[in-house]
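Work through the following exercises with the model open. Each task is followed by a stepwise solution.

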Amino acid sequence: MTKPSLPELLHAAVTAVGGTERPGQVTMTEAVAGAIDDNSHLLVQAGTGTGKSLGYLVPALAHGERVVVATATLALQRQLVERDLPRTVEALHPLLRRRPEFAMLKGRSNYLCLHRLHEGVPQEEDDGLFDQFEAAAPTSKLGQDLLRMRDWAGETETGDRDDLTPGVSDRAWGQVSVSSRECLGASKCAYGAECFAEAARERAKLADVVVTNHALLAIDAIEGAPVLPQHEVLIVDEAHELVSRVTGVATGELSPGQVNRAVRRAAKLVNEKAADALQTAAESFERIMELALPGRLVEIPEDLGYALMALRDAARNVISAIGSTRDKSVQDEDAVRKQALAAVESVHGVAERIANGSEYDVVWFERHDRYGASLRVAPLSVSGLLREKLFSERSVVLTSATLKLGGDFNGVGASLGLSPEGTEGEDVPVWKGLDVGSPFDYPKQGILYVARQLATPGREGSRGDMMDELSELVEAAGGRTLGLFSSMRAAKAAAEELRGRLGMPILLQGEETLGELIKNFAADPKTCLFGTLSLWQGVDVPGPSCQLVVMDRIPFPRPDDPLMSARQKAVEEAGGNGFMAVAATHAALLMAQGAGRLVRASGDRGVVAVLDPRLANARYGSYLRASLPDFWYTTDRNQVRRSLSAINAAAEAEGK
């Protein structure tokens, strides 16, 4: 029998999900298949509506070797495992003569731990083991959640936190889950044979397609101990998020609370001398942190350096000394020891990393209203790590609706450790950038309006002219507005102001869960939704409920952001343009994501309004505009009001 062609396979898959092939999807499928066959790398920008998940799943399944698909959001993981993969596998089965297996794999702490559920949580206090079900009053929210999870444990097949609906707080989940460091290991655990995390790993070992998240991909790359099964092809969807997720995994933190927990957990397990030394080091560290002011530490102050070395040395001694428990009343000794070791090892690792003072790390103090001060350390860049760990062993396809910034892929490529496209040389990963476009007619469906007449936004202070402009735009649109703000303070101020002026429902991020807010926003066209970062990327509301997307200002990183400013300075010291490489790239990605909220379907019409004149007037404005969808562009405020009124009137005439 002849091998089925790629167009045949794509046609079968698209038909199965009730769609039709699109030119961009066909181009993407062929390019992904080519990269897999050549063992090369591909960056694909595929606009909203292209059908990009089938654009990579079809060639991946046809290839026949194991493929890992890593995504940033839970929504896309669910879509792949619950909708796209089952339908695609069934559709391709008659043609491929095989039924590829697929599985989801996440980090251990995402799965319910049966040992912790049944045996309780090792406690720092004198009561040995703590039964969380007894201690949490059944009438409290925590108590109700714990009882619900105990019932759920008997029903669930996966133990995956994301399958528990409604969800529970981090605090409640922390009572029934463990990190990989705290895990006893399947061979030592009484519940090892039934372990949900182990079962997920076993399923992944047998699967042809493993769906995971960026964080687990980063752990797999950074920690050296493989978490993911061997694979020949890696597909990274939502790839614009990868650098920030990898940075997050590679960031360490030390806080007095965390250190004190480690001290309490270790106290019963080591000799008095080792325990006292760790306690003394913790107290010195806490005294310094009480005086810590937020900001970057270009050099480690002498007193902090001594405190970190004392913590490092005391923690190392405790790790060596942890043996049998001194206190014979301690039950479930293995779990107690493992939890204490995990806590002390974490303190030791971060203290040693900061005390060693690598030129490739950025260190800063952070102060939180609720949790107090913490000391943080993050890599100056993850590009070298990604280049070495991601691109050396396998073919990698990275895809997103926003990878091409300012007209090319080199900005995103550089952040991933790739040399400019077309560069050749030994140990230089070969890659190609491809923009397959979008099925939408952006110039006819959307307008990009820049409020050129407004004052340039300052760092602080109210923007009266911006509020007037925003109010008039929302009124002309008849509601139907998604407001994307650069800070929570700005979003709150705008919501309060417009609630007073317009008398239409304005939802504000934080006043309800994100899912509930988006549902309510989509349900009523007169309603507006205002918020910050997660709304720039997480909203998919096609139709008349979202016909105006407003950005209050260009979302540059804050000038006092320690990591971003350090990265900018490093580029400048190497002779590059730090502002364009870091700040402008960051803003371009966010703006492209934000503008992408407007047109989600072929019938959508509307306006993206940027209330920051720098997008029209500044030299970098053209770079940022080139990163956005190709909307019709204007700075004429009267024209845009007329257009919004007409779009609103058309929607009302259709009864929407």
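**Exercise 1.** Locate Pro555 and decide whether Pro555 is buried or exposed.

*Solution.* Step 1: Pro555 sits in the loop between β18 (548–551) and α23 (562–573). Helices (H or I, at least four residues) and strands (E, at least two) are DSSP runs, numbered from the N terminus. Step 2: the relative accessibility of Pro555 is 6%, so Pro555 counts as buried (under 20% relative accessible area; exposed is over 50%, partly exposed in between; 1.4 Å probe, protein chains only). Step 3: leaving out residues up to four places away in sequence, Pro555 touches Trp536, His586, Ala587, Leu590 and Met591 (contact means heavy atoms within 4.5 Å).

The model is predicted: local features need pLDDT of at least 70, side-chain atom pairs count only at pLDDT 80 or more, and totals for chains, interfaces and linings use all residues. Residues are numbered from 1 along each chain as its sequence is written, and side-chain values use heavy atoms, without hydrogens and water.

**Exercise 2.** Describe the setting of Thr532.

*Solution.* Step 1: find Thr532 in the loop between β17 (528–531) and α22 (533–538). Step 2: Thr532 is buried, at 15% relative accessible area. Step 3: the Thr532 side chain reaches the backbone oxygen of Phe485 at 3.3 Å. Step 4: beyond four places in sequence, Thr532 contacts Phe485, Ser486, Ser487, Met488 and Gln509.

**Exercise 3.** Give the strand order of the seven-stranded open sheet.

*Solution.* Step 1: the order is β3-β6-β2-β7-β12-β1-β13, with parallel pairing (two strands pair if DSSP finds at least two bridges between them). Step 2: β3 (102–104) and β13 (431–435) are the edges; each has a single partner strand, so one side of each lacks a neighbour in the sheet.

Definitions and conventions: Polar contact = N/O pair within 3.5 Å; in protein donor to acceptor, adjacent residues only side chain to side chain.
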